[in-house]
Amino acid sequence: MGGGTRRRPPLRVAVWTAAAVVLAVVAALLWRGSDAAATSSTTADAASVPDTAPAARLSISWSADTGPAPRRAVESGRALTTDAHGLIMRDPITGAEAWHYTRSNALLCDATAVNGLVIAVFRTAGRCDEAVALHAETGVRAWYRSVNFAEDVQFASTDGIVLAWAPSGLATLDPSGNNTRWRHAASTGCRLVGADVGSTGVVLLQRCPDADLQVQLLDGFSGSSTWTRSVDTAGAPTRLAGVDRLVDLVIGDRLQVLAPADGTLLHELLLPPLSGSSATREPLQQAGAADAALVWVRGTVYALDQTTGATRWQVPATGLPSVSGADSPTVLVPEDGALVQRSLADGTDLSRSVLVADLPAGGRTSVVGPAVVYATEDAVLGLR
């Protein structure tokens, strides 16, 4: 038998095949340049933290660089670290990665943690324009939305509120509901030089030409103005320490304590002087604890009475203490050579854990079971 002649496929089949190949190549190229291809994310099981206290002797068991620095480094039993393109949530005891979320085609503007979520904002063009919320324990995405924040936006958070601010103005987000609650623009010709959020609300510092510095307190949920006060700084560098329980400013070498109700001056403390431009870069930390505000500045932690603003007690400290809970009667203070459990009422030394290594200045302390997490501007450390 002779071989048969091989028939060519119909022209339409060849055209369809060629078109399919072209579409596949285009799709592959588009995918390789897409956000999906540029995003690396993992998830994890829920965190399991042993119900034990830190040991009597502690050393640094792990450390990780971070930046932009997280305002709140511990959430839902995880420790948050960031880099230029995303974030890693770590086991606070071992420092091992639990999960991560990174974008190779975008830069991380800032990140914060609140209410069981980590909220990160990325810059893909000239502005910070994409926000994502991830469950802190597992890394599972909670929501995503487009935003329109300035390139120099900074974030802070407190229960139920995420604050985003830049010199041109500020906005608050609902961390759970994925919506912008309200916006506040700087007055015409003025700029914001500071902003923060805490249990008392949202506070901002506004500087206008030929005018005193203005301090304004806004309701955290509605954005309505509670009060505005002019502050004569006499040319001294002025920064916000915080707005938990009390509104506190550092003006040159003075700590001014303002009443949250009306902005009146309750108390003023004289601080050790700083030389040169250090005052504009010094770490300032504040947190609320029961009926007191804890303020760390220039090597000392001050426990300030919420009603009077007066100093209940003060001790030299490396950074801001850890608070066990909103109504806890004690705080854990990082001091020279030890972590000291002190009475919030009067500062009495109740117990201490010896530190084998020195801690860098200006960190925030958190206790997670047997581990202590200590977060500074550029590093997060785990102590066991």
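Two strands pair if DSSP finds at least two bridges between them, and strands themselves are DSSP runs of E at least two residues long, numbered from the N terminus. Please keep in mind that this is a predicted model, where local features need pLDDT of at least 70, side-chain atom pairs count only at pLDDT 80 or more, and totals for chains, interfaces and linings use all residues. Residues are numbered from 1 along each chain as its sequence is written, and side-chain values use heavy atoms, leaving out hydrogens and water.

View 1. Arg57 has Val354 of β31 as its bridge partner.

**View 2. The hairpin of β24 and β25.** Here β24 (285-289) runs antiparallel to β25 (residues 292-297), joined by five bridges. Two residues lie between the strands, and Ala290 takes a positive phi near 50°. Four of the five residues of β24 are buried (under 20% relative accessible area, with a 1.4 Å probe and protein chains only).

**View 3. The largest pocket, about 1200 Å³.** A pocket is an open set of points on a 1 Å grid over the protein atoms alone, where a 1.4 Å probe fits, with protein on both sides within 12 Å along at least five of seven lines; lining residues have an atom within 4 Å of a point. The volume is the space filled by probe spheres set on the points. Of the 43 lining residues, Arg72, Ser322, Val323, Thr365 and Ser366 lie nearest the centre. Strand β32 (residues 364-368) gives the largest share of the lining, five residues. The lining divides into 19 nonpolar, 16 polar and eight charged residues.

**View 4. The second largest pocket, about 850 Å³.** Among its 30 lining residues, Arg71, Gln154, Arg239, Leu284 and Glu377 lie nearest the centre. At least two lining residues come from each of β8 (107-114), β12 (154-158), β16 (191-198), β20 (238-242) and β24 (285-289). Its lining has 15 nonpolar, seven polar and eight charged residues.

**View 5. A stretch to read with care, residues 26-32.** The protein averages a pLDDT of 91, and 89% of the residues score at least 70; pLDDT is the predictor's confidence in each residue, from 0 to 100. Over residues 26-32, though, the pLDDT is below 50. Where pLDDT is low, the predicted coordinates should not be read in detail.

How values were computed
Contact means heavy atoms within 4.5 Å. Ala, Val, Leu, Ile, Met, Phe, Trp, Tyr, Cys and Pro count as nonpolar, Asp, Glu, Lys and Arg as charged, and the others, Gly among them, as polar. Buried means under 20% relative accessible area, exposed over 50%, partly exposed in between (1.4 Å probe, protein chains only).
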